[in-house]
Amino acid sequence: MKDNLILIIGIIAVAAMLRAPLTAVGPVINEIRDDLMISNTVAGLLTTIPLLIFAAVSPFVSKAVAKFSMPVTIFYAIILLAVSLYIRTFGSLEWFVIGTILLGVAISVGNVTLPSYAKWKFPLQVGFVTAIYSSTMNLTAGLGSGVSVPLAELSGWGYKLSLTIWIVIAIAAMIFWIPQLRGREKSVKAETDRVSNAPKRRMSQSKMAWAIAIMFALQSTTFYTNVAWLPSILMDKGYSPETAGYFFMFCQFAQLPMTFLFPILASKVDNQRVIVFFITGLLMTGYLFLFADAFLLLVISMIFIGFGTGAAFSTCMLLFSLKARTDTGSISLSGFGQSIGYLLAAIGPFLMGYLFDSTGTWTPAQFSYLIVVGLFFGAGMVATRKFYIEDELEGEV
């Protein structure tokens, strides 16, 4: 019981660092731009680099796990994350880019391994554990953006304090993760055996793997497009930057209850298609209300968008575990899905910006949200079929 409690705390500490170091950048991006003497275009690219790194690194995480074991790989990632946070404050563009790349590598490991680790350590409570770490990721994402400016104004360090404060959590994660390193040789052997017994066909040959990857891509597209443009859409309706910021913060925190609730529900129901229907309804309602200008209707929009975004993210994370028989299958599916997902998600904000620049209005971009939600529904219908990824890869379905 005590060991499980320490492990849960360790998982929470790791999850707390998987989004906050990224969302902390946006509110202080102007200060970063001025300090590094870069253009707005380059500053914008700094926020895109991690997504591209996620896409590039995610497929290779399973190889690192097979060599070092899952607990050790995660521990190395925690150390790398702490180092990268410090490197970003060295005061030059080159070091900031290097730190951001290393940060992307470290976060990729956590993104890919946590679903598999939950399945491995808590096979009977995978929905509950997924709910815990998914909620933590969204909570700290909101806190990261919310406390970034106050921290920057707190001392002479400016934005550097906002970006390095998360080292404290990294140190806590290292401490709570040390007990997981016991029995490394046994762990490595067990995981090597599982890899050798895994299906030999590639994930790219599985329709279900592609469907889950596209689901993850589309929910990531909505999240990162919201981060990039939702405040601008609200300001275009006549609201002040402060009010638009409060709207967006409200949307972020609205994700939390659904992020926690939906993995538990999805793990209990016999057919996850019901969950996909519900998520689609939440998102479609939210984005339809976004066409309105009235304050109350936009509040409703933020609630439903937040609910749908949180539910979609945590459900996708659960599917990485739920649709695999083994933790090896889970980590392979997670790596494939997140690689495809983040690559496509990196394109989303640019396409939204292009639509606005081309038309001078946010209306086409808002319609594109509805198209993305429709595609999410279609992918979800395929992804939630009643069999495991190993069945398809072994030719049993």
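Guide: Helices are DSSP runs of H or I with at least four residues, strands are runs of E with at least two, and both are numbered from the N terminus. The model is predicted, so local features need pLDDT of at least 70 and side-chain atom pairs count only at pLDDT 80 or more, while totals for chains, interfaces and linings use all residues. Residues are numbered from 1 along each chain as its sequence is written, and side-chain values use heavy atoms, with hydrogens and water left out.

The part to look at is helix α10, residues 167-177. Its residues Ile167, Ala170, Ala173, Met174 and Trp177 are buried, where buried means under 20% relative accessible area, exposed means over 50%, and partly exposed lies in between (1.4 Å probe, protein chains only). On the face turned away from the buried side are the exposed residues Val168 and Ile175. The buried residues pack against four helices: α1 (2-15), α6 (70-87), α7 (93-121) and α9 (159-164).

A nonpolar core is a set of buried Ala, Val, Leu, Ile, Met, Phe, Trp, Tyr and Cys residues joined through side-chain atoms within 4.5 Å. The largest such core has 122 residues, and Trp177 is among those that touch the most other members, along with Ile11, Ile32, Ile78, Tyr133 and Leu290. The helix that gives the most to this core is α12 (residues 207-236), with 13 residues.

Neighbours within four places in sequence aside, Leu290 is in contact with residues including Leu230, Ile233, Leu234, Lys237 and Tyr369. Lys237 also takes part in a salt bridge with Asp293, with the closest N and O atoms 3.5 Å apart. Lys237 is in the loop between α12 and α13, and Asp293 is in the loop between α14 (273-289) and α15 (295-322), so the pair ties together parts that are 56 residues apart in sequence.

A salt bridge is counted when a side-chain nitrogen of Lys or Arg is within 4 Å of a carboxyl oxygen of Asp or Glu. The count by this rule is three. Another of them joins the side chains of Asp270 and Lys386 at 2.8 Å, N to O. Asp270 is in the loop between α13 and α14, Lys386 is in the loop between α17 (363-383) and α18 (389-393), and the two are 116 residues apart. Both Asp270 and Lys386 are exposed. There is also a salt bridge between the side chains of Arg33 and Asp34, at 3.2 Å from N to O. Asp34 counts as exposed because its relative accessible area is 52%.

Ser134 lies in helix α8 (residues 126-152), and it counts as buried because its relative accessibility is 0%. The side chain of Ser134 reaches the backbone oxygen of Thr130 at 2.8 Å. Not counting residues up to four places away in sequence, Ser134 touches Thr259, Phe313, Ser314 and Met317.

Cysteines can be checked for disulfides, here a pair of cysteine sulfur atoms within 2.5 Å. The count is zero. Cys251 is in no disulfide, and the nearest cysteine sulfur, that of Cys316, is 17 Å away. Cys251 counts as buried because its relative accessibility is 1%, and Cys316 does so because its value is 0%.

The backbone deserves a last look. Most residues other than glycine have a negative phi. Met37, although not a glycine, has a positive phi of about 55°. Met37 is in the loop between α3 (29-36) and α4 (40-57), and it counts as exposed because its relative accessible area is 73%. Ser69 also has a positive phi, near 90°. Ser69 lies in the loop between α5 (61-68) and α6, and it counts as buried because its relative accessibility is 1%. Helix α6 is one of those against which the buried residues of α10 pack.

Definitions and conventions. A polar contact is a pair of N or O atoms within 3.5 Å; within protein, one must be able to donate a hydrogen and the other to accept it, and residues adjacent in sequence count only if both atoms are side-chain atoms. Contact means heavy atoms within 4.5 Å.
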